[in-house]
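Take a look at the model, then read on.

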Amino acid sequence: MEVTPFELERLLEKKMAERAVQNLIGRFCHLNTARRDQDILDIWSKAPDARIEQPWGVYDGTEGVRRFFTEEMPAHDDLEARRGDLSVDCLSTAVIEVATDVKTARGAWFSQGIRTDKKDGEPLCRWYWTKLAADFIYEDGTWKIWHMAVFPLLEADYETPWYEMPKLTQEAFAKYKADRAPTARYLWSFHEDNNYPLGHPATPKPYDNFDLEVGYGY
Amino acid sequence: MMTYEEMYHAYQKLEAADQIRNLVSNYCFEHNCALQMRYYRNWSKREDIRHEMPWGNTTGHRNLEYNNPWHDVVRHPDDAENMKGGAMFIHSTTTPVIEVADDLKTARAVFLSPGFEGIAAKKMGTWANSKYAYEFLFEDGEWKVWKCRIFPVFRNDYFDDFGAVAEEDMTKKKRVGMEDFHDFFRYGPDVIMPRNEPDPPRPYDTWEPGWNFGTD
């Protein structure tokens with residue numbers, strides 16, 4: 001098959017974008033271990049529809065994303081809140097698709113995460129495996145995180161087998177104040193009353209141009 | 001429209017990042033089964049190679065070899081017996097940030113590493129979670145490790161949650177060739193995750209001193 005120089009350039013641009021997106025999501029996870037909120041906001045799109053979805057709801061726009069990282073999560077400068085805080089997301093199992101027009105990209109990962117919550121003033125160590133899905137956009141000459149959505153896989157206290165954890169319900173997230181309800185139709189947790197949901201999230205498929213109605217957290 | 005030279009340069013940067021990923025992954029496979037001697041081949045020939053571990057830092061080839069746990073294991077019959085009794089050291093590398101210099105002579109990378117270790121004969125099993133940071137050199141047509149630093153997150157017994165502060169003091173494991181120590185983070189209920197340990201590398205044109213894995 002003959003590839004014209006123009007086509008070859010497009011192919012290269014897609015591979016360069018794939019590498020950039022892999023680095024970008026890795027950078028996000030590394031920054032988040034130290035709750036570096038301002039640095040995270042710097043790698044997030046300034047588009048009006050930027051957002052992040054958590055299992056309890058969606059935070060919309062630049063202000064919503066800022067509020068999530070600086071008010072809903074321990075802020076970087078709040079050393080007392082960060083004392084004993086552990087938030088590590090180790091990403092694997094990548095599915096990355098770059099649009100043919102190389103203006104956007106989409107990705108999904110498994111995350112072998114760990115967390116500590118505070119319980120009676122003491123850290124409560126938890127297994128926190130999730131699936132993380134994100135849309136990316138090429139903005140002002142660099143790739144940015146545009147939409148992100150986090151889907152629970154396995155949440156359990158360190159000492160409790162995950163099959164003995166209570167069924168996860170929205171009441172568990174009452175302390176959070178999202179802008180709107182989650183788009184995920186199903187709050188998964190490993191429990192005998194739950195059936196593992198399909199397409200949760202749908203992994204990205206090859207595409208030409210971004211369709212707003214399939215974006216994560218739409 | 002990119003020129004032929006620009007396209008070839010872009011391809012070389014992409015290929016370099018893949019080779020570096022393979023180099024680090026190979027180490028994980030070799031470390032897994034204690035094929036440590038193979039690991040030395042992955043390092044640059046330069047004498048300023050630097051290996052910074054929780055139990056001490058070394059510079060140069062001789063010290064790298066001497067300051068390696070497996071050197072001791074091979075030398076001490078008891079530990080050699082333990083290795084026969086079933087030992088494995090799993091430090092998977094995930095969440096990569098790999099930046100290749102625009103001049104294609106050096107590269108920098110960080111990884112998050114969930115893992116575990118075990119020596120069956122000692123009935124020892126530990127969770128071992130850490131961060132890796134590297135600098136690489138392109139030498140004799142291959143990418144080689146130039147500098148490596150391990151940033152521990154936690155390393156605790158199987159039955160202890162990672163909030164339990166491990167009593168193990170690695171700095172007491174004095175080995176031949178060890179030069180100095182650096183303070184390192186280990187998770188506990190009263191500690192705060194450092195900001196820059198490591199700092200994920202940013203795109204760069206050519207190597208200049210001072211990155212030091214992004215640490216302040």
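Start at A:Phe136. Leaving aside neighbours within four places in sequence, A:Phe136 is in contact with A:Val21, A:Leu24, A:Thr104, A:Ala105, A:Trp143, A:Lys144, A:Ile145 and A:Trp146. Two residues are in contact if their C-beta atoms, placed from the backbone, lie within 7 Å.

This is a predicted model, in which local features need pLDDT of at least 70, side-chain atom pairs count only at pLDDT 80 or more, and totals for chains, interfaces and linings use all residues. Residues are numbered from 1 along each chain as its sequence is written, while chains are lettered from A and ligands numbered from 1 in the order in which they are written.

**The core**

A:Phe136 is one of the residues with the most contacts inside the largest nonpolar core, and the others are B:Ile20, B:Ala107 and B:Ala109. This core has 77 residues. A nonpolar core is a set of buried Ala, Val, Leu, Ile, Met, Phe, Trp, Tyr and Cys residues joined through C-beta atoms within 7 Å. Buried residues have 20 or more other C-beta atoms within 10 Å of their own, exposed ones have 12 or fewer, and partly exposed ones fall in between; C-beta atoms are placed from the backbone. Strand 5 of chain A gives the most to the core, with 8 residues. Helices (H or I, at least four residues) and strands (E, at least two) are DSSP runs, numbered from the N terminus.

**A partner of A:Phe136**

A:Lys144 is found in strand 6 (residues 142–157) of chain A. A:Lys144 counts as partly exposed because it has 17 C-beta neighbours inside 10 Å. Beyond residues up to four places away in sequence, A:Lys144 touches A:Ile43, A:Trp44, A:Ser45, A:Phe136, A:Ile137 and A:Glu139. A:Lys144 and A:Glu18 are 126 residues apart along the chain, yet their C-alpha atoms are separated by 12 Å.

**Strands and a helix in chain A**

Strands pair if DSSP finds at least two bridges between them.

| Pair in chain A | Bridges | Residues between the strands | Positive phi | Opposite residues |
|---|---|---|---|---|
| Strand 4 and strand 5 (residues 122–139) | 16 bridges | 2 residues | A:Asp120, about 55° | A:Lys119 and A:Glu122 |

Helix 3 (residues 61–72) of chain A has A:Val65, A:Phe68 and A:Phe69 buried. Seen down the helix axis, the buried residues fall within an arc of 80°, so they line one face of helix 3 of chain A. The arc is that of the directions from the helix axis to the C-beta atoms. The buried residues of this helix pack against helix 2 (37–42), strand 1 (51–54) and strand 2 (57–60) of chain A.

**Where the chains meet**

The contact takes 34 residues from chain A and 28 residues from chain B. On the side of chain B that touches chain A, helix 1 (4–32), strand 4 (94–100) and strand 5 (106–113) of chain B each supply at least two residues. That side has 21 nonpolar, 4 polar and 3 charged residues. Here Ala, Val, Leu, Ile, Met, Phe, Trp, Tyr, Cys and Pro count as nonpolar, Asp, Glu, Lys and Arg as charged, and the others, Gly among them, as polar.

**Chain B and its backbone**

Chain B has 5 helices and 8 strands. Of its 216 residues, 31% count as buried. B:Thr95 lies in strand 4 of chain B. Its phi is near 55°, a positive value in a residue other than glycine. B:Thr95 is buried, with 27 other C-beta atoms within 10 Å.

One joins A:His200 and A:Pro201, with omega about 5°. Another runs from B:Glu197 to B:Pro198, with omega near -10°.

**Confidence**

The model scores ipTM 0.93 and pTM 0.93. pLDDT is the predictor's confidence in each residue, from 0 to 100. Its mean for chain B is 83, and 80% of the residues of chain B reach 70 or more. Within chain B, confidence is lowest in helix 4 (residues 69–75), at a mean of 48, and highest in strand 4, at 98. Over residues 71–78 of chain B the pLDDT is below 50. Where pLDDT is low, the predicted coordinates should not be read in detail.
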